[in-house]
Structure formats: C-alpha cells, structure tokens
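Have a look at the sequence and the structure first, and then read on.

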Amino acid sequence: MTQRITRFLLPAIVPALLVALWWMASAGSTSIFFPPLAKIWQRFHELWIFDLVGEHVVSSLNSVLIGLGISIVLGVGLGIVLGLNDAIATAVGPLLQFMRYLPAVAMLPLAIQLMGIGPDMRVLIVVLGALWPVLLNTVDGVRGVHPALVDVAKSNRLRPIDWVVRVVVPSASPQIFAGIRASLAVSVILMFASELMGASQGIGYFILETQRQFSLPEMWSGMILLGVIGYLLNVILLLVERFALDWHRESRS
Amino acid sequence: MNRLSQLGVIVLVLGAWQVAAATGQLGAVPTPLVVAGAVLGLVLDGSGWGPLAETLASWFISLLLAVVIGVIIGFPLGVSRVTYRMSVVTLDFLRTIPALVFVPLVVLLYGAGLQSTILLAFFGAVWAMVMQTIYGARDLDPVARDTFRSFGVRRWDTVTRLLLPTALPYMATGVRLAAAICLLISISAQIVIPAGGFGEQIVVHQLSGALPEMFAYIVLCGVLGMAIDSTFRWFERSVLAWHPSHRKVSS
C-alpha cells in the first residue's frame, strides 16, 4: 500500500514544488516580463476555457494531426518498400540523409512564397520535417527483421502479402513507434514556427500577437497552453503505443 | 556498385529538378545549376563566411552549455533511484515543450541577437543530454558496483573507473543528439526572429527576391547539418573504440 502511494506521490512532488515556487516568487512581481502566476492563471481561465479554443487550438491541432498523419502514412509505406529492397535503400540513402538534415523551418520562406499563407502551407511544412524520423526508423526496423524469421517464412512459402502484414510490420513496429514519437515532437515545433511566420490563427499566432501588444499575462497563458498540449499529445501517443505493442512486451517477459 | 547507384540517384534527382525548373514547372524556383553557382559565389566572394560564423557561434556555445549543465543535472538524478523517480515526470514534461515557444519572450528580454538564439538552442538541447546522462548512470552493472563496494574502492576511483566508463557511451550519444538539436534550433530561431546567421540570410534573400541565394543558404544548412553529424559519429567511434557497443563491428 505505501509502495503504491509513493509510486504516485514521488513523481508529483517536484512539479508541485516548482509550481508553488513560481507562484510565490512571482506573487508580488512588478516586472512586465514575468507577471504573477496568479494573473496568468486567471487569464488562462478566461481565454482558454473555452473561449478561444475554437479559433486557435483547433487550427493548431489540425496542422499537427494532419501533417503527422500524412507523415506516418507516407513514412511507413515508403519505409516498408525501401526496407524490403536493399538495393533501392542503399541507393537513396545519402539523399534521404541530406533531406533529413535540411532544417524544415528553412523551407518556411520558400513554402510561403510558393503556397501563400494558409493551412495547406503549414501542413506541408509539418510533413517536410516529420516525415524523416518515421521513414528512416521504419527502414531500419524492416531491415532488422530477424534472419530466422526470414527462413521460417521462406520454408513455409508464406505469401508476400502475409509476410509483410503478419511478420515484417509487427516486428518493425517498436522502431516505427520510436520514429513516430520523434516525428510528433518535430510536428509540434514546426506547427508553432509556421504559425509565427505565416498564419492568422493558431496558438503560435496568438502568442506572437499578444507579445506585440505587450500583453504578457496572455502571452504566458498561450505558452503554458502549448506546453500542456505538447505533453498531452505525447502521453496519448505513449498510451496508443503501449496498447499496440502489448504483445511485444508479453513476448519479451 | 553501391557508390555508383547512390551517385545515380542524386544525378537523377538533380536532373529532374533541372528539367522541371528550366521548363518553368516549379514557378520561381531556380535550377540546381543556378543554385550551385550561387553557393560558389557565396564561398568565393566571402559573403557566406560571416553568417556561417554567427550560426556556428550560436551552435557551439549553446551545445557547450547544454552538455555541461545536462551532465551536472543528469548525474545526481540518475545515480539514485529515488531522485530518478522524483524527477522523471517533470523532465518528461519539460522536454516536450518546443523550445521555439520562448521566441517571443527572449526577443522581448534580449532582443534579436546571439544571446536569444543561444538561450533557445540551449533549452531545446539540454534535456537530451540530461536524459542520456541519466540512462548512462542507471545502466550501472550491480555486480560490478557490489564488487567495487566490497573491495572498499575509494570513492574517486569508483567514479572514474566504474561510473564514467559505464555512462560515457550514453553521454556521447547525448552530445551527438544535442549537437543536432542545437544546430536545428539555432537556424530556426535565426529564421523566425530573425537573428543573424544562415537563418536571417534565408529570410533576407527571400524578401529581396534573390531566390538563388536563398536556396544556396538552405543547401548550406543541410550540408552543415550533415557535416556536424558525421563529425560527431566519427568522434564517438574513435573515442569509444574500447567499448563493447562499438567493438562488435567485426561480427
């Protein structure tokens, strides 16, 4: 029983302490850059529960989720094709590596030039950055299928489609999920950057606007909201991963 | 054969880009030959070196800060089970915050300069270093630890001969990850603020309509990223050649 309590209490101590510290240290703050947390919280309550959610949060989540979704479909699909064809994978290897090192934010001015300011441009930017972690991880995962499995499949004359769906994808899935997690982090960053440069709605746009008007408590509330959303998306992905990879942990233990 | 096919793909892609751009299908996008000319121009007339120095300065200082502070925070947290469990949720939360969120704040506080990009890149990269240091410190072999303890090895020797060698490969990975993040955030911050370096050059040339130069700087960003990553991989391999995870290359 006490063990269970410490398991939940122990991790909660530090965040609680940090928030309390912030609250007390900023209580009498007159600096315009660091307004009292009480005031930020009051604004947060007024703005985000739930007045502006429809205008800004939905737009931001759209960019992240559509962009990430396209990246996952493209990345896993292409990754399986490349992972199964050694020759092609080696041939396009250097090109993919180079594309990965191109900072996607550097494509922002170009994307704005070509597509204008709009939701399509933002989704494109997210895909340009989030595609590579899933893709490269899928290729690695598919190439890492255990050689014994290959032999078993061959000697049982498994149909190619069964081979891919029942053997390759499941055995590569832990690595695919690792790639998706990296892609999610990239997606949130790119969503935010693209809203700073080319948007008229979204959390990034809101934060930039409030900064320009020197409405610091509102700006802080937006920053906190973005942090919370990033964290929640991560938690949801971890839950999906745990559910999808349940068989994997069982087979290991 | 492998080299040949890799070269073939690159030539093919560049060729397709050349044809598409030359026939005007990509709008205002210049052909790769024009971009290559612009890259050459930036190198030859020396106008590319100043921005390179600014980007590298932001990258290097933020990386140094992230590594030093990451190790200082990570080691104590990783050594003990209690401190690890106390901090893990907080760390998970902090490292999912996208560093660029602080752009508006640091611009108000420090203006559009090196200080701002360094702070942003540091915040983005320090968590990778903290986490890798923690993983490294937690990977301690219990038998080895008990052996050291029962032989009454001095504390200093335990640190230098057991803890450090155990954690070093993880920390090396952390440094490589942090190096990539620092470069990415430095360039990104230089674009969105804009604050000097390659990033500002991209924006400046886009606004003035000098697309070949803009593409030249984008390509240079990619080259810089690849160069930094392969340098750190090579460094990791040569420094950790003694470690089991790097020894099994022959098998």
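A:Phe8 is exposed, because its relative accessible area of 59% is over the 50% cut-off. In this predicted model, A:Phe8 sits in helix α1 of chain A, which covers residues 2–25. If you want a sense of distance within chain A, take A:Phe8 together with A:Arg157: they are 149 residues apart in sequence, and their C-alpha atoms lie 50 Å apart in space.

Is A:Ser173 buried or exposed? A:Ser173 counts as buried, since a relative accessibility of 10% falls under the 20% cut-off. Its place is helix α8 of chain A, residues 160–197. Leaving aside residues up to four places away in sequence, A:Ser173 touches A:Leu245 and A:Trp247.

Next come the cysteines. How many disulfides does the structure hold over all chains? The count is zero. B:Cys182 is in no disulfide, and the nearest cysteine sulfur, at 15 Å, belongs to B:Cys221. Likewise, B:Cys221 is in no disulfide, and its nearest cysteine sulfur is that of B:Cys182, 15 Å away. That distance is why the pair does not count as a disulfide, for which the sulfur atoms must be within 2.5 Å. B:Cys182 is buried, and B:Cys221 counts as buried too.

Here are the accessibility values side by side.

| Residue | Relative accessible area | Class |
|---|---|---|
| A:Phe8 | 59% | exposed |
| A:Ser173 | 10% | buried |
| B:Cys182 | 0% | buried |
| B:Cys221 | 1% | buried |

Finally, let us look at where the two chains meet. The contact takes 47 residues from chain A and 47 residues from chain B. About 4200 Å² is buried between the two chains, and carbon and sulfur atoms give 82% of that area. Between chain B and chain A there are zero salt bridges, while three residue pairs are in polar contact across the interface, with both partners at pLDDT 80 or more. Which elements of chain B supply at least two residues each to the side that touches chain A? They are α1 (2–22), α4 (81–96), α5 (103–110), α8 (155–192), α9 (197–207) and α10 (211–239). Of these, α10(B) gives the most, with twelve residues. Sorted by class, this side of chain B has 34 nonpolar, nine polar and four charged residues.

Terms used:
Residues are numbered from 1 along each chain as its sequence is written. Chains are lettered from A and ligands numbered from 1 in the order in which they are written. This is a predicted model: local features need pLDDT of at least 70, side-chain atom pairs count only at pLDDT 80 or more; totals for chains, interfaces and linings use all residues. Side-chain values use heavy atoms; hydrogens and water are left out. Contact means heavy atoms within 4.5 Å. Buried area is the accessible area (1.4 Å probe) that two parts lose on being put together, summed over both. A salt bridge is a side-chain nitrogen of Lys or Arg within 4 Å of a carboxyl oxygen of Asp or Glu. A polar contact is a pair of N or O atoms within 3.5 Å; within protein, one must be able to donate a hydrogen and the other to accept it, and residues adjacent in sequence count only if both atoms are side-chain atoms. Helices (H or I, at least four residues) and strands (E, at least two) are DSSP runs, numbered from the N terminus. Ala, Val, Leu, Ile, Met, Phe, Trp, Tyr, Cys and Pro count as nonpolar, Asp, Glu, Lys and Arg as charged, and the others, Gly among them, as polar. Buried means under 20% relative accessible area, exposed over 50%, partly exposed in between (1.4 Å probe, protein chains only).
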